[in-house]
Amino acid sequence: MQNIIVFFKKLKESEHKITYGFLGIVLAIFFAFGLHHLGQFITADEHFWLPNSGFDRISNYWKAVKKGEWAKTRINDKPGITLAYTSGIAMFFDDAKGQILNNGTVKRFDPARTQQISFEYRLPILILSGLFIFFFFWIIKKITDDEWIALWSSVFIFLSPILVGISQIVNPDSLFWIFGTASFLSYFAFLQKGRRKFAVMTGIFLGLGLASKYVSVIFFPFFFVMMLSYYLFVYEEKFKDNPELLSKSLVKNILAYLAILGAGMLIFAILMPASFVQPKVLYEGTIGFPGMNKIFWIIIFLNAVLLLDSFVFKSRYSLIVLEKLQFLKNKLPILVYFILVGSVVFIVVNYLARNAFLDLNKIPFDLKQKDSFRELPLLKKYIVEFRALVFALTPVALFGLILAWIKNIFHKSKHDLLVFVLSVFFLVFYAAVLFQGLLVTIRYSIILFPFSAILAAIAIREFFDGKEKSQSKKSLAVLSVVFMAILILWMISYFSQAFPSSVLTIWLGSIAKSKMTAFFSALVGGALLLWIVPKYFPWKIRVVVKKVPLTIFLIAANLISIWLISPFYFSYTNDILPKQYIISGAWGYGGYEAAQYLNGLSDAKNLTVWADAYGVCEFFVGRCTHSHKLDTNKIKINYYFRSLQSSVPFDFPHAMESGSVWRIDIDGRSRSFIKIQKAKPLNSVSNDAASGTDSSYDSVDE
């Protein structure tokens, strides 16, 4: 025991070296998985950006700059300009030869060239993403004054399968999450520290975020919300007895806020010179973004009112308002945390209980028709928005997030302002997408993953620090009940999937359909845990589980999640979601593997494949087409590549044989499938047509 104590004392003395060592390990893991399979898939939208696709947005941007055709620098409505600067680096090393050998309705690709292009254009994004680990570690450490929170945040961020996956893809979201998170953290650091360099950094990152994706305009109003939250939380500590200091602080922060917005818009305009040629482009990409116009001018008006009060009345009225609103400092955070944790726990329990509380089963994960989504009841729309985030977080990150909100309901965090503004962003984000009538997918909600990581890291750090024992009892009890309820329901779900025809499964299934399941599980499970666990035992655990072993556990837990889904990282779904449900399709994954099967067939170069998705044709040595208008009497199809998104509104798919000759179920989820079906002989097709039968679909295979 004495040797162990000495060992931990030495670890404490070399704490900096240890955290930096772990940071290096995390970065190495990130690059190891990120480089794996980097050139061996094509996602749904990537072909728009890469060379020789017919769109070639990245090269089109640089052609427009070279020729001075500034209006053409608006290459997309995302706008994705930062991709031209990041992935565009590949153009210096690229021989400009395309991947398509023969163009037309039926194409022939060069698979080796496809891999080369994919690797070269993705590598800069992966490297940039990985190197940002140092910035995030540094800025979070500055904000929290805690190396371990910074380290564990980095663990959750850079060992998230979803964030590893998005860092491999040439897509505006691949850079938006980086610049969006960096601008948020930089602005928080400015409010907290008051140093000009953080304001400058915020403006730069905001501009880069806008140049990545227009949705970055969400930070225009949210930075103002952060500023108001700052004054609400620190009023009694800093400004209550010093109105003059409040006046100076308001003037400084408001002017900085306006300067940050201006700097962001200027950087956006410089990166997309079309903004100078057509000012409408600048307007529509920033303050004129749908839903932002009125909000922006309301915020400008409020800032003007605050400045007027500061200059004319020395912030007298601002002081009165802050004094009157102090009750919100304690009440509002609890309400926010209760809404968020209730929403997250509800959607987990609801899916484990087979949609017993709210039927969400008929709402597709990729519903893109705004009118269809808007027709849903508001409660369903709100709850289902959480689906992508909740089931795409690793289990340890998800429970860390739940812990963060439960703990802060009963006892505020040492970093209460940071926890509050991070949490409020979730509600603001989901309110914005509901207003837009948009059902968010994993990609659309990508900015929430690093925010969840930081919240989880703070919660775990404070839970295991051995302090606040008495205040943590309530949060531990509630967390235990929630955990046991989820665990019991998960075990029922897992057993049902493993033994679908057993009598016990049928009995459990009937119980799971009851709306009392979650309540019963929570009550019994929580009571058992609190009865079995001796008094104060959790705090004894925290004495034993020190920072180093806990760090190893967090790395290992996230590493397992990445390992199990490798190499299809962006399709990651945690096992809390029963296997009969999905939150994403293959989205381009598996096409390379399918092509390898096809390439291994005899006379592969003379075969013709019809594919319903991108990602297989580009790696296939034969002929390939996506066309929905083919004369199959003239163009003989040998094989069909199909996926979940398959919708084939023409006659020749009746030529498919039932079943599949090759198939992958991503993450073991049968609905997230990709498969190859063999074509029937033409005479067989004619007979089927004459008899009115269609044997191309196999219900078991589907």
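1. Let's start with valine 312, which lies in helix H14. Helices here are DSSP runs of H or I with at least four residues, strands are runs of E with at least two, and both are numbered from the N terminus. Residue numbers count from 1 along each chain as its sequence is written, and side-chain values use heavy atoms, leaving out hydrogens and water. Please keep in mind that this is a predicted model: local features need pLDDT of at least 70, side-chain atom pairs count only at pLDDT 80 or more, and totals for chains, interfaces and linings use all residues.

2. Val312 belongs to a nonpolar patch on the surface, together with Leu308, Phe311, Phe313, Tyr317 and Ile320, and the patch has about 590 Å² of accessible area. Areas come from the Shrake-Rupley method with a 1.4 Å probe, and for residues only the protein chains shown count as cover. A patch is made of residues with over 30% relative accessible area and no salt bridge; nonpolar side chains (Val, Leu, Ile, Met, Phe, Trp, Tyr) are joined within 5 Å, like charges within 9 Å. Helix H14 (293-313) and helix H15 (316-324) each supply at least two residues, and H14 gives the largest share, four residues.

3. Next, have a look at the sheet. Seven strands make an open sheet in the order S1-S2-S4-S3-S5-S7-S6, with mixed pairing. Its edge strands are S1 (100-102) and S6 (662-665), each pairing on one side only. On average, neighbouring strands are turned by 30° against each other, direction ignored; the axes behind such angles are lines fitted to C-alpha atoms, for helices over the stretch in contact, and angles run from 0 to 180 degrees between N-to-C directions.

4. Strand S3 (residues 608-611) and strand S5 (residues 639-643) run parallel and are joined by three bridges; two strands pair if DSSP finds at least two bridges between them. Tryptophan 610 has tyrosine 640 in S5 as its bridge partner.

5. What does the side chain of arginine 108 reach at 2.9 Å? The answer is the backbone oxygen of lysine 605. Arginine 108 sits in strand S2 (residues 107-109), 497 residues from lysine 605 in sequence, with 9.2 Å from C-alpha to C-alpha.

6. Cysteine 617 and cysteine 624 form a disulfide, with sulfur atoms 1.9 Å apart; the cut-off is 2.5 Å between cysteine sulfur atoms. The count by this rule is one. This link is left-handed, with -55° about the S-S bond.

7. There are 16 salt bridges in the whole structure, each a side-chain nitrogen of Lys or Arg within 4 Å of a carboxyl oxygen of Asp or Glu. One of them pairs glutamate 46 with arginine 122, the closest N and O atoms being 2.6 Å apart. Glutamate 46 is in the loop between helix H2 (15-35) and helix H3 (57-67) and arginine 122 is in helix H5 (residues 111-144), so the pair ties together parts 76 residues apart in sequence.

8. Finally, some backbone details to check. The peptide bond from lysine 78 to proline 79 is cis, with omega near 15°, and proline 79 is in the loop between H3 and helix H4 (81-86).

Terms used. Polar contact = N/O pair within 3.5 Å; in protein donor to acceptor, adjacent residues only side chain to side chain.
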